[in-house]
Amino acid sequence: MEPIRVGLVADPASPTAVARRMTDLTPPIAAAADSWIIELVSEPFTLGSEDVDVALERLRAHAEQNGWDLVIGVTELPLRDDDGRYLLAAIDPGRQSAVLSLPALGGFRVRSRARHAVRGLVDGMAEPASPEEQRLPLPGLSARGRVLLGMVLANRPWMLAAGLKSALIAALATGAVATIEPTVWSLASALSGWRLVAATVASIAIIIAWIVIDGRLWDRPDDDSLLARERSRLYNTSTLLTLTIGIVICYLALYVVNLAWALFVLDTAVMSESLGRTVEVGDLFVLTWFVASAATLGGALGTGLESDDAIRAATYSKREEERRARLADERT
């Protein structure tokens, strides 16, 4: 019998990387199915409107163009049903097409879970039990949280430092100078614990706000519909969580480097003479805490973003603009 030609259409970046691991998929052992030939195409096929039917139509057009028997779209966008429920996948056996939402997988073990899901989708469409279109909603009240977690982890917040190299270098330089400044010693020793905490929170919050404003990362709904507003809230929440995690990681790295510098260059006896009181090693940890907050503001706000591309990978709204532009180019 002829093998089944299966097309995978994946959004650029992360979905394409996930889909590349599936080109060697084979039918389940228990299935009496023909062999599969998996072909991959990397290009956007979905928009923020999250219209599942439109996505399925685009996928079927790809199948007809490439001569595929089945087609599955792999997207990084959250998908929603007409009643507002978040979807893991949508299947149209009549058009032999399906779409899988990666954020609905929850963010952990995405590649293995996506591989398992795609194998099930292909196997189900190869021998459909029903010609009716099927939607696979996420169960329970935690569906939104699961999708949000998947979106944040898909943004890879730990990679944000790559987009803030200039800011980090400036902050490190500022911290190195501030650490050996007697006036800074006096300020750090005079601050209470709650003020140090407030300085930390304020510095991180200001940097996040600066990145959002400078990078134009705040998503606005396309219209006044409930679905559009919910989509924008989801995008903006994922952006803020991504930036918060990324900036906290940068802050901790800045603290560790400044602490190592302080322990290397500062002499507690000299500091005690300058401050008029006994300075112990533990005071250096407090000093570094204050310096990290001050350097975050003084250094990072004094420089621009590395590039728009560096921040784009951390936010859905920027990648959404790319999808729109590429689809518009294809239409023209």
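## Overview

Helices (H or I, at least four residues) and strands (E, at least two) are taken here as DSSP runs, numbered from the N terminus. Counted that way, the protein has 12 helices and seven strands. This is a predicted model, in which local features need pLDDT of at least 70 and side-chain atom pairs count only at pLDDT 80 or more, while totals for chains, interfaces and linings use all residues. Residues are numbered from 1 along each chain as its sequence is written, and side-chain values use heavy atoms, with hydrogens and water left out.

Of the 332 residues in the protein, 45% are buried (under 20% relative accessible area, with exposed meaning over 50% and partly exposed in between; 1.4 Å probe, protein chains only). The accessible surface comes to about 16000 Å², and carbon and sulfur atoms hold 59% of that surface (Shrake-Rupley method with a 1.4 Å probe; for residues, only the protein chains shown count as cover). Now for contacts, meaning heavy atoms within 4.5 Å: among those between residues at least 6 apart in sequence, 79% join residues at least 24 apart.

## Helix H8 and its partners

Let's start with H8, residues 226-265, and its meeting with H4, residues 143-154. Their axes come within 9 Å and cross at roughly 50° (axes are lines fitted to C-alpha atoms, for helices over the stretch in contact, and angles run from 0 to 180 degrees between N-to-C directions). H4 and H8 are therefore oblique to each other; angles under 35 degrees count as roughly parallel, over 145 as roughly antiparallel, 65 to 115 as roughly perpendicular and the rest as oblique. The crossing of H4 with H8 is right-handed, a label used if the near helix is turned clockwise from the far one, whereas left-handed means anticlockwise by less than a right angle. On the H4 side, the contact uses Arg 144, Val 147, Leu 148, Met 151 and Val 152, and their H8 partners include Glu 230, Arg 233, Leu 234 and Tyr 235. The residues of this H4 contact with H8 divide into eight nonpolar, three polar and three charged (Ala, Val, Leu, Ile, Met, Phe, Trp, Tyr, Cys and Pro count as nonpolar, Asp, Glu, Lys and Arg as charged, and the others, Gly among them, as polar).

H7 (residues 193-214) also packs with H8, at an angle of about 125° and with the axes 10 Å apart. That makes H7 oblique to H8, and H7 too passes H8 in a right-handed crossing. Here Thr 200, Ser 203, Ile 204, Ile 207, Ile 208, Ile 211 and Val 212 in H7 meet Leu 240, Leu 243, Thr 244, Ile 247, Val 248 and Tyr 251 in H8. The contact of H7 with H8 has 10 nonpolar residues, three polar and no charged.

## H6 against H9

The axes of H6 (residues 182-190) and H9 (residues 268-275) come within 10 Å and cross at roughly 75°, and the two helices are therefore roughly perpendicular. Pro 182, Trp 185, Ser 186 and Ser 189 of H6 make the contact with Met 271, Ser 274 and Leu 275 of H9. By class, these residues are four nonpolar, three polar and no charged.

## Individual residues worth a look

Val 110 lies in helix H3, residues 110-126. Leaving aside residues up to four places away in sequence, Val 110 touches Val 18, Leu 102 and Leu 105.

Gln 96 is in the loop between strand S5 (86-92) and strand S6 (97-101). Arg 156 sits in the loop between H4 and helix H5 (165-179), and with 44% relative accessibility it counts as partly exposed.
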